[in-house]
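Happy to walk through this one with you. Have a look at the sequence and the fold first.

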Amino acid sequence: MTCFTFLFGGKKVSSSKQDPDIDEELSGIRNVRIYTYKELKVGSDNFSPANKIGEGGFGSVYKGLLKDGKVVAIKVLSAESRQGVKEFMTEINVISEIEHENLVKLYGCCVEGNHRILVYNYLENNSLAQTLLGSGHCNINFDWKTRSRICIGVACGLAFLHEEVRPHIVHRDIKASNILLDESLTPKISDFGLAKLIPSYMTHVSTRVAGTIGYLAPEYAIRGQLTRKADIYSFGVLLMEIVSGRCHTNARLPIGEQYILETAWELYQRRELVGLVDTSLNGDFDAEEACKFLKIGLLCAQDTPKLRPTMSAVVKMLTGEMDIDEIKITKPGLISDLMDLKIREQKGNIGMKASSSYNTSSASDSQGTTTSLAASSVETTTFTIKHNETV
């Protein structure tokens with residue numbers, strides 16, 4: 001199965017008056033349109049609350065209608081955002097050069113004055129957090145065939161970022177609320193605000209950890225080590241969420257069953273993995289394939305980073321082009337202590353407004369379902385790690 005189809009567009013930057021410093025940053029960008037603040041303000045009806053479709057780690061997202069008739073998602077970065085001008089323009093440079101079926105498409109941006117705004121294609125069916133794992137009513141039928149296609153699509157998009165793009169891109173925040181669905185339920189990986197380029201000659205250690213508790217690889221959360229293997233760990237957790245229909249953490253369950261990784265590992269050891277498959281499927285699924293997907297999730301979430309497969313290998317295993325070597329499945333890496341801390345901090349906050357990169361209230365970064373984490377708003381966690389530079 002070929003997953004690496006992509007195009008490099010030929011759009012030109014539209015002419016608009018910019019600050020000299022910004023003009024220099026934009027000089028190398030050829031594939032993205034520069035919007036004026038006025039046209040985005042008009043298109044979103046003055047950023048009306050009625051058009052607000054989500055709130056992410058960097059600011060609010062609005063549905064907008066541009067004068068050319070195009071419906072877009074307008075991401076307005078907040079003043080408190082960690083993303084400065086340089087980081088913003090890095091994001092623009094990265095996304096403007098990339099197009100893939102399983103990545104959210106960037107239409108353009110606005111960099112007038114202090115405004116930092118991204119304009120993406122609008123996706124009709126929101127995110128997995130809002131739909132499959134959300135607490136609200138959803139009309140989408142996530143049958144097994146659809147879930148399988150979503151898993152493979154996300155794997156293809158991440159494999160593309162990891163192995164086809166140069167320098168390689170580490171997303172750093174793979175999670176259900178960053179997987180958006182288009183009209184045909186094709187998954188699109190969103191939110192490159194946390195993505196970092198890692199040239200081969202540079203260190204693979206990051207001094208700032210940015211991600212979401214429950215998806216964070218232990219070596220990244222504890223020591224600040226950032227490699228593509230950290231994304232693969234997060235994908236493993238996401239894979240289990242899609243198959244099981246439950247989020248990574250559920251504080252309402254008995255201790256020992258609250259974390260999906262721990263539950264999956266225990267069921268795997270008892271050869272009862274099929275018990276983790278979403279009961280809402282009513283038994284209408286390929287049990288062998290579902291268990292295979294869960295085993296792949298365990299492979300991706302192993303404690304030792306070097307034992308985790310590459311994303312291209314994951315794609316091949318998901319599509320049946322490569323067999324799973326079960327002998328290689330070792331215990332998953334768990335950061336239960338960090339997750340326990342987050343749960344204690346958020347206890348009693350059930351029903352809080354959710355936070356996700358694109359989607360709106362009823363689902364949160366913890367995928368606030370009726371069986372989800374007691375905190376219905378576990379936001380992106382950022383903290384500074386003291387570490388040995390020789391790690």
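A few questions and answers follow.

This is a predicted model, in which local features need pLDDT of at least 70, side-chain atom pairs count only at pLDDT 80 or more, and totals for chains, interfaces and linings use all residues. Residues are numbered from 1 along each chain as its sequence is written, and side-chain values use heavy atoms, with hydrogens and water left out.

Q: How many residues of helix 7 are buried?
A: Helices here are DSSP runs (H or I, at least four residues; strands are E, at least two), numbered from the N terminus. Buried means under 20% relative accessible area, exposed over 50%, partly exposed in between (1.4 Å probe, protein chains only). Helix 7 covers residues 260-269, and its buried residues include Trp265 and Tyr268. Of its ten residues, the buried ones number eight.

Q: Which residue stands opposite Ala73?
A: Two strands pair if DSSP finds at least two bridges between them. Strand 4 and strand 6 (residues 117-121) run antiparallel, joined by five bridges. In strand 6, the residue facing Ala73 is Tyr120.

Q: Why is strand 4 largely enclosed by the rest of the structure?
A: Strand 4 spans residues 71-77. Seven bridges also join it to the antiparallel strand 3. Strand 4 is largely enclosed because its buried residues number five of the seven.

Q: How many disulfides does the count come to?
A: A disulfide is a pair of cysteine sulfur atoms within 2.5 Å. Cys151 is buried at 1% relative accessible area, and Cys300 is buried at 0%. By the distance rule, the disulfide count is zero.
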